Amino acid sequence: MQNDKRDHGGGLDAAAAQYGGDRADWIDLSTGINPVPYPISPLPPDCWTALPDATAQDALIQAARRFWHIPDDATVLAAPGASGLIARIPALRPAGKVDIPQPTYNEHWAAFRAAGWQQATDTPDARVLVHPNNPTGDWHSPNMLTTPLTVVDESFCDIAPDRSMIAQTPRPGLIILKSFGKFWGLAGLRLGFAIGHPDDINRLAQMMGPWPVSGPALHIGTQALQDTEWANTTRLRLTTDADRLDRLMTDAGAALHGGTPLFRLYHVDNAAQWQDRLARHHIWTRIFPYSHHLLRLGLPAPQHWPRLEAAL
């Protein structure tokens, strides 16, 4: 089902068609993906040729438990991206009223709406909290975990693991989502996780079917989740780079409005004009259909800072 506000970052092909240049000529700052991804080592050949076995799946789950400090009585499901889980979660309960604080990532409402739910803030049957929120960067409080079904989307939370609500996952009706595409910068790997009470997670597992995660994703995900040194170093770099981006943008006339170390949200006089000006330098940014003044930028890769500085 289409939603006229179901927009996303990316879309470089359309940008290149409008402003010229090949895809390789562009700097994509329209997403919140880490521009310095986790380094992938050579993969064992059987990652590609064999059906993923239980040992590889168990290794990934155990690595996830250790990395995110998941309680023993919570269940973990690995899936082909958080978006696949988002699309299926509304079917865990009969359609009712869902509270999704706005503005936020619009795939959640698209999934609930497609399943027959209605948006409402009074006595909702379900609630979705994007934590930290995309695009504002706002954090939510555990006192909002009050609905029979509560989804906490922590796709960007690995930049601040101390803010995670993972310790709450044994409670019935709570599902926490994790994405591998943002902090690790491996969006094309299509790997995500649902963590929560066994009743809900086991039902999601049945919906996903056997072998939901590819062999390469199992191998790379396990390796990355075990590399805490890379994670700690990456958090420091992202924070430093976010501060650098803020200085550049505020010097150019923008005002910081929110964000996380993976993306920054600015208030500008005319967001469409800012996007157009940067696009003429083949730098793609994100604007929103509900605001004429909000502009979101991800972080540039190290080699792209001079081009952004020159464009501003």
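Let's start with a term: a salt bridge here is a side-chain nitrogen of Lys or Arg within 4 Å of a carboxyl oxygen of Asp or Glu.

Before I go on, some housekeeping. What you're looking at is a predicted model, where local features need pLDDT of at least 70 and side-chain atom pairs count only at pLDDT 80 or more, while totals for chains, interfaces and linings use all residues. Residues are numbered from 1 along each chain as its sequence is written, and side-chain values use heavy atoms, with hydrogens and water left out.

Okay, back to Arg237 and Asp241. They sit 4 residues apart in helix H8, so about one helical turn separates them. Helices, by the way, are DSSP runs of H or I with at least four residues, strands are E runs of at least two, and both are numbered from the N terminus. Asp241 counts as buried, because its relative accessibility is 13%. The cut-offs there: buried is under 20% relative accessible area, exposed is over 50%, and partly exposed is in between, using a 1.4 Å probe and protein chains only.

How many salt bridges are there by this rule? The count is 10.

Asp200 is buried at 5% relative accessibility, whereas Arg93, at 24%, is partly exposed.

There's also a network of salt bridges joining Glu154, Asp158 and Lys178. Now look at Ser164, in the loop between strand E6 (149-153) and strand E7 (174-179). Is Ser164 buried or exposed? It's buried, because its relative accessibility is 19%. Its side chain makes a polar contact with the side chain of Glu154 at 2.8 Å. A polar contact is a pair of N or O atoms within 3.5 Å; within protein, one must be able to donate a hydrogen and the other to accept it, and residues adjacent in sequence count only if both atoms are side-chain atoms. Setting aside neighbours within four places in sequence, Ser164 is in contact (heavy atoms within 4.5 Å) with Glu154, Cys157 and Lys178.

On to the greasy part. A nonpolar core is a set of buried Ala, Val, Leu, Ile, Met, Phe, Trp, Tyr and Cys residues joined through side-chain atoms within 4.5 Å. The largest has 59 residues, and Trp68, Phe180, Trp184, Phe193 and Leu225 have the most contacts inside it. Helix H8 gives the most to this core, with 7 residues. Domain 1 (12-37 + 229-311) and domain 2 (45-226) both contribute, so the core lies between them; those bounds come from an automatic or database domain assignment. Leu225, leaving out neighbours within four places in sequence, is in contact with residues including Leu60, Phe67, Trp68 and Phe193. A second, separate core of 22 residues includes Ala79, Trp117, Val151 and Ile201.
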